[in-house]
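Biologist: I'm new to this one. Can you put it up and take me through how the helices pack?
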Amino acid sequence: MPSKPLVVGNWKMNHDYVEALHLTQQIGVVLKNKSREHVEIAVAPPSVDLRSVSSIIESERIPISLAAQHVSMFDNGAHTGEISVAMLKRLGVKSVIVGHSERRSMYGQTDDIVASTAQTAARGGLEVLLCCGENLDARDAGEHFSFVSNQIALALDGFEKKNLELLTIAYEPIWAIGTGRTANSEQVAEMMAHIRLELNSRGMSDTRVLYGGSVTGENAAELLTSGQAGGFLVGGASLKVESFMAIVEAVDDCYAKNR
Ligand code: PGA
């Protein structure tokens, strides 16, 4: 297992560059007052904020990394509206979210596109936060394990072996995203175990597996200990410094205690 849990704040389409700067500075102040050495922290602002956030992270030496919410599956060229891996790398972006359920359901991101995007990102040296997770129908039909296995298989098909170390998996059941209905720790624990088995069979026993879906400062510790999550991909609660840092704090305390 990787040594530390990872907490990623996915700001989605929230915060313009001024608000993004403010939130990043606030995170910096909290971390200056109390460093959180048992947890890795990343934020994924909207693309137009990346440059400002990158500058402030660097100039104020804030111990967090920068993630992008999206990247093109193409390297460059005539792709209006898209952003390339090279452009993100130039801004100091370390990782990118790929296959988020919102992009799959609202922007036509098929399993093929998810796989190509993951490959392009990793080939260019970006870490890939690969999202998977079942919808409510699959959960109710008891098909959640096969649903997730299938998503992982399709995403990793053709993924170059030498880049596997750049992968992190984020399990995000769709019914738990933005709904306030978190998966309970047993549901998370059994899916974590299932995904780890899948990964082990591909020689990926060190790959980190995160949980995402209505994570808060109140449920984070339980999801980490009983749920066995390797960290979190956080949406709503990452938009304010208090709620985001409450999760970071819970994870840090938990990891420090249980190590
Ligand atoms: P949520 O979003 O924390 O608001 O449920 C999680 C995500 O979409 O990554």
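Modeller: One term to begin with: a crossing is right-handed if the near helix is turned clockwise from the far one by less than a right angle, and left-handed if anticlockwise. Also, this is a predicted model.

Biologist: Ok. Which way does α7 cross α8, left-handed or right-handed?

Modeller: The crossing of α7 past α8 is right-handed.

Biologist: What's the angle there, and how far apart are the axes?

Modeller: About 40 degrees, with the axes of α7 and α8 11 Å apart.

Biologist: Which residues meet?

Modeller: From α7, H144, F145, V148, S149 and I152. Their partners in α8 are E190, M191, H194, I195 and E198. By class, that contact has five nonpolar, three polar and two charged residues.

Biologist: Switching to α5. How does α5 pack against α7?

Modeller: Helix α5, residues 111-123, packs on α7 at an angle of about 50 degrees, and their axes are 7 Å apart. That angle makes α5 oblique to α7.

Biologist: And is that crossing left-handed or right-handed?

Modeller: Right-handed, for α5 and α7.

Biologist: What touches what there?

Modeller: D111, V114 and A115 of α5 meet Q151, L154 and A155 of α7. Sorted by class, the α5 contact with α7 holds four nonpolar residues, one polar and one charged.

How values were computed
Residues are numbered from 1 along each chain as its sequence is written. This is a predicted model: local features need pLDDT of at least 70, side-chain atom pairs count only at pLDDT 80 or more; totals for chains, interfaces and linings use all residues. Side-chain values use heavy atoms; hydrogens and water are left out. Axes are lines fitted to C-alpha atoms, for helices over the stretch in contact, and angles run from 0 to 180 degrees between N-to-C directions. Helices (H or I, at least four residues) and strands (E, at least two) are DSSP runs, numbered from the N terminus. Angles under 35 degrees count as roughly parallel, over 145 as roughly antiparallel, 65 to 115 as roughly perpendicular and the rest as oblique. Contact means heavy atoms within 4.5 Å. Ala, Val, Leu, Ile, Met, Phe, Trp, Tyr, Cys and Pro count as nonpolar, Asp, Glu, Lys and Arg as charged, and the others, Gly among them, as polar.
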